[in-house]
Amino acid sequence: MKNYKFYVLSIMGLGLLFHSCGDGTGNGSSNGALSSSAAEKVYVAPGEQDEFYAFLSGGYSGNLTVYGLPSGRMFKEIPVFSQFPTSGYGYSEETKPMLNTSHGFVPWDDLHHPDISQTNGELDGRWIFVNGNNTPRIARVSLSTFETEEIIEIPNSAGNHSSAFITENTEYVIAGTRFSVPVPQRDMPINEYKGNFKGALSFISVDPESGRMDLKFQVLMPGFNYDLSHPGRGNSHGWHFFSTYNTEEANSLMEVNSSQNDKDFIAAINWQKIEEFVNNGGGSTMTAEFAHNVYDEESHTGTSTMINEVLTVNPTDVPGAIYFLPTPKSPHGCDVDPSGEYIIGAGKLSADLTVHSFTKMLAAIEAEKFDGEAYGIPIIKFEDVMAGVVKSGGLGPLHTEFDGKGNAYTTFFISSEVVKWELGSWEVIDRKPTFYSVGHLMIPGGNSRKPFGQYVVAMNKITKDRYLPTGPEMEHSAQIYDISGEKMQLIYDFPTHGEPHYAAGCPADLLRANSKKFYRIDENKHPYAITSPDQAKVERNGKEVHIYMSTIRSHFTPDNIEGIKVGDKVYFHITNHEQDFDVPHGFSMLGQNTSEILVMPGQTKTSLWEPKKVGVWPFYCTDFCSALHQEMQGYVRVSPANSNIALSWSLGE
Amino acid sequence: MKTLSKTLVLILSMMLFACGGKQEKKSDGFSIERKKTTEQTETPVPVSDVKASERVELSNKGVGPITSLTFNDEIDQAMATKGKEVYDQMCLACHRIGKKFIGPAPNGIFERRSPEWVMNMILNPETMVKEDALAKELLVEFNGSPMANQNLTEEEARAVLEYFRTL
């Protein structure tokens, strides 16, 4: 028996060797049965590139992580709602304003749901939008620079969870509140929640050219919890669907009290109708306070502006725009299939999925088949909007995505599995376990008219024994399944960063060519940039000192500075004069109360240092840049506050 | 069965050789390290006693996109002015006029180098320091400090050369 096993292993080894000797295309279909091995499917040979980008949310890390599929290799961590010493984001003077809010500097958030911009319902690969859950914010990340370009705070919202979802031409990024709160905020007893709190659903318009966001209007809904949402597409374009729970409007022991109703709602909102209403002067302006932070790629600088009012809409003021679709058992996922016809409600305390039909919904509205109303909003009769039920046999459905071939894939948290089923027949085709307790899943383009149904990534909440143990805390596990065939095949396991709640993916070719290589120095509009090292200088303005510094492999200009005094505020404005791909320089100063910064080629960044001690203090480049990187250093002489040493600077003198 | 397994192991190891091609015979680690050290110190072998930066090699056109370039007799002043702008922005950090800095000074460069070689060094430095013997030696003479690729266009590089003619 032992020998037999060895024999089989040897054969497999041979197969692998044949493969590695091959042409490197990774197709290897001529290798017969052996080509179906999982290893071969995820193997991206050294020097080869992945087929897909995958953007996984980082949850409580506040970051967005970029992976390749099918390899599961992580390429980058993009800081969005976090301070990130790796790049200096949130530490450099230029990026601190990005984390400004109406509550002041909030250097962290819980990043949940990325969604890629779309044109005509298909991914266009220009931007990716993400939500900050805790101090409600929406961010836009450029898919050319892979940097956070814009963050807008959302007033009247709390627990910004049914966000950030993109309509099919990126007209709006939609952000709903999870927690209802008093609107406007005021001092009132908590137990008077019911009937008094409101749930704000925000419609943020996106400029088609620049991507700039503007909070166009908020619909002030009844005080339920708005959990997840998705845009209509195709025929249902113009509508947006939100799942709700706590239609009981409980304010304590929610675990029990929010699960009393047999059915909660999916709220169907005709945003085009409301848009028309506000464009014709409808809605009322409310005093509010929220920050709008924009990073300019040419000046390499972020600015924060406070906005003082928001346009709000009372649902009953726009008849025919909002309906409730009864949906069993506290639905979490609220997913729309590629055709736009089916809205899938995943009742998370149920075994079944409820599928609503958009066509039936319109017919029911037309025929006024209502089952009462809630706060003036008509409730459509369940049987008149429901298209089918998926009897899954699983427990705890959460989230559904689609392969574009008529199939849907739903995660089941409690029974820890992915279930493949067919749209229309509602028949289960396949089920595969996850390891363990899967939350969300992602198929590249799965939330669009055109999914790329090759792989599904399952993002799990629990890791346990999947990897070598690393103490009590383990990074969350993810699994990749090949879904190109009738049955799903688990092909890879990989660890993620933070807690991915959601992800978005797209073909590599959509982004690869547009990915920025470096910033042109002659386009640098930073106010403290120097375009040639002979402009390097040091200026004093009272206790403020500005150092205009440049870098190239491998020196700083200047690298000797004297005349700095204890108590000064010293700003190092560093312009990287490299004009080549992947040649950043770093900067750090001994004793400075901030992180290092990484300056990309052609970019200017500013690092603040407030010297507290007399002495001669070194600074150096933190990013290994050339064979002479260790020599890339300099000194600043710090004299007593009352010293008469004149400012001077030099290099090589 | 046992014999079959052994045969497979043999085939397998032979294939490893066939694929890798370079697998070295396992031997004592010290001798390998020693060998490496020697290799590093002996490259490259200078071909003459004259320092690479001072050697005259007018027929060497270097390695890169430029195979032929002839200057007009007259210096094009407008082009030279443009060339100075580009030089100040892209090159000055390492190359100072009239003195050796991080790299050599450009003064009198065309007494030692062909215009093609200079163009290729600007446009294609990564390949030059690997494949052009003179560029390789220069890299060593200048402490291993790399000639950065500043992604100049051919037109910009040409303008920089015109500026060099005025020095």
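These legends walk through several views of chain A, a predicted model.

Local features are described only where pLDDT is at least 70 and side-chain atom pairs only at pLDDT 80 or more, while totals for chains, interfaces and linings use all residues. Residues count from 1 along each chain as its sequence is written, and chains are lettered from A and ligands numbered from 1 in the order in which they are written.

**View 1. Here's the whole of chain A, with seven helices and 45 strands.** Helices (H or I, at least four residues) and strands (E, at least two) are DSSP runs, numbered from the N terminus. The radius of gyration, taken over C-alpha atoms, is 27 Å, close to the 26 Å that the globule rule gives for 653 residues, so chain A is as compact as a globular protein of that length. That rule is 2.2 Å times the number of residues to the power 0.38. Along the principal axes, the C-alpha atoms fill a box of roughly 85 × 75 × 45 Å. Buried residues make up 51% of the 653; buried means that 20 or more other C-beta atoms, placed from the backbone, lie within 10 Å of a residue's own.

**View 2. Now for an open sheet of four strands, in the order β3-β2-β1-β34 of chain A.** The pairing is antiparallel, and two strands count as paired if DSSP finds at least two bridges between them. At the edges stand β3 (74–79) and β34 (503–507), each with a single partner strand, so one side of each has no neighbour in the sheet. From one strand to the next, the twist averages 20°, using axes fitted to C-alpha atoms and angles from 0 to 180 degrees between N-to-C directions. Inside the sheet, β1 (residues 52–57) and β2 (residues 63–69) share six bridges, and Y53(A) has G68(A) as its bridge partner.

View 3. The contact (C-beta atoms, placed from the backbone, within 7 Å) takes 11 residues from domain 1 and 14 residues from domain 2.

Note on methods:
A residue is buried if 20 or more other C-beta atoms lie within 10 Å of its own, exposed if 12 or fewer, and partly exposed in between; C-beta atoms are placed from the backbone. Two residues are in contact if their C-beta atoms, placed from the backbone, lie within 7 Å.
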